[in-house]
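Have a look at the model, try each task, then check the worked solution.

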Amino acid sequence: MCPIKKIAVIGGGPAGLIAANDLFKESERQRWEVVGFETRNCLGGVWSDKPGSGIDSPQVFEELRKLPHNLGTSYSPEDIFQYGSPLVSNGRIASLRPFNGTSVTKPLRLVHKHLPRDGLINSSKTGVYDGLMTNVPGELMAFGPENLNTYASRNADISPLVTLDQVQMNFEKFIEESEGSKTFRKNTCIEYLDKISPDKWVIVARRHPPGSEQDEWYMELFDAVVIANGHFTCPYVPFYMSNLTGVESGIHEFNTQFPNVLSHVRDLDLWYNKRFPQLKEEVLLDKRRVVIVGKSFSAMDVLKRLVPILDKAQGNLEIILSSNTPPMPENTANPFYWFDEWLSKTSKVEVKGPIAKFVSSHDMPALQFQDGSIFDNISDVIFATGYLYTFPFISKRLLESYRVLITPDSRNFDAAPSNVSRVTGLYLHTFSIADPTMGFVGVSSNANFQSFNISSQALTGVWSRFNNLFNEEAPQDGPIFNSIWSKVLPSVQEQLKWSQNRLLKTGNNGAFHFYYPLPALKEEWLDYCKPLFRENHRNTMLFPDNSADLSEKGIQTLKARFFDTMGPEHL
């Protein structure tokens, strides 16, 4: 057993940047070495992409076509991440011996090859697009408690929401001024993470120098790890990643036969730049059917592009929305219940249940729905099905033994996880209950950056206090929950009780990590975390005084802009 001296932060998006910055601020006092890892060539995560750039980048369904397809089976993110890997198979590295003696300055060099995951999980295209605005107020996307008002919207038309340009300017400023951002090694993918001893974590990293034909692999040891790889890395694609009905869907053959029909909202920037202009021309001459799968926030945005061209199309454009769950306008606990209300009444979109099969009708793309109806002449299918929680680089054995798992979705025939799954085995969405030297930032995001601050401050406070007590008491007992950890964190039983109470309140789904309305976040999460913060941070105001009002105003702004775009006869 030893104090925490070296910490890895995996992921250079907002969660990882905030964590690295908080840890770095404490590093002089604790003598910590903080090392950040980011797969892309720039920091910022989902916000790092520039709309209109890289429009020839590999798309989600293009990469899925490259995977071998076995009838009746679905791919997990781990399968995709490890497919083609020269070293990792079934969640394990056979041997670490090839990495003995390697380091960041003395790596093992292997020939670089493009893998499907590079365009699926590690893609430089992230889902942002021209005209994107946030769905939360700018003041709730603050990197820290300092100068909260500087993040306020500068666009009166959408206030309190902010434009993509403003978010990216805030990122550039934070990255430039933050010392924590300087700890990151870019172009470096974590290939494998495991616990090599009671006190040490082992990381196998792969760096791809831009333009090089070789990858640089090396091994490095750490005392603690922060998992901050984000919730928007792996697109969720039903039928490929889950079996909804137990019957072969035919999606892979469909994707191969009609390579330009299927899209995921991760690729909206590409679709808006390349496909949408063509569609607007086509509907002036012939009939087209566009199917949106899912009724997420992204589905609303796609509709805001499609519905305005209905008049010009003069009956040539049919919009269909397919969803596992019917519109439920009565569910006012959903902040976007008004979208369900619109779907239940509008004549501009036909709402259908789930798709059963992807088929060909007279050599044209067609869909069969679970109610038996068949729609042919399908021009586009856009999957607005969100993303999956995934930690594909972590040892499968470790995840299972720590019970850090992604819950199955019982609606899927194969019980595969989906976009409504949650992460198990965590206390306060942040600490591995099995091992508090494994922390998570970003599992509970609530669509605001302050959530990242909460987890980051809790980790920094707990790890600092552990070190201080360790240095004072020099304990001799075993690792993990011993005399020191029992003074820093509640007992395992208390942590499990917190998790069980949360489960009873939300159910075994993604709502476990989500708090609405905003005061619930403070009462049910922040108030539990604050005692774990460093003492001088416990009274810090992470949220502006009017945050609840701002949050509600932001939702009303989204609603108003949606209905304005739908036109005066939207119902």
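Before we start: a salt bridge here is a side-chain nitrogen of Lys or Arg within 4 Å of a carboxyl oxygen of Asp or Glu. Keep in mind that this is a predicted model.

**Exercise 1.** Work out where the domains of the protein chain lie and how far apart their C-alpha centres are.

*Solution.* Start with the domain assignment: domain 1 takes two segments, 6-235 and 389-555, while domain 2 covers 251-385. Next, take the C-alpha centres of domain 1 and domain 2, which sit 32 Å apart. Then pick out the residues in contact: domain 1 brings 33 and domain 2 brings 29.

**Exercise 2.** Find the area buried between domain 1 and domain 2, and say which residues of domain 1 lose the most.

*Solution.* The buried area comes to about 2,500 Å², with carbon and sulfur atoms giving 59% of it. On the domain 1 side, look at Phe61, Arg65 and Tyr129: they lose the most area to domain 2, together 29% of what that side buries.

**Exercise 3.** Count the salt bridges and polar contacts across the interface, then describe the domain 1 side.

*Solution.* For polar contacts, the tally is 15 residue pairs. Now for secondary structure: helix 2 (60-64), helix 4 (116-120) and strand 6 (133-137) each supply at least two residues of the domain 1 side that touches domain 2. Helix 2 gives the largest share, 3 residues. Finally, sort that side by type: 15 nonpolar, 12 polar and 6 charged residues.

How values were computed
Residues numbered from 1 in each chain as written. Predicted model: local features only at pLDDT ≥ 70, side-chain atom pairs only at ≥ 80, totals over all residues. Heavy atoms only, no water. Domains from an automatic or database assignment. Contact = heavy atoms within 4.5 Å. Buried area = accessible area lost by both parts, 1.4 Å probe. Polar contact = N/O pair within 3.5 Å; in protein donor to acceptor, adjacent residues only side chain to side chain. Helix = DSSP H or I, 4+ residues; strand = E, 2+ residues; numbered from the N terminus. Nonpolar A, V, L, I, M, F, W, Y, C, P; charged D, E, K, R; others polar.
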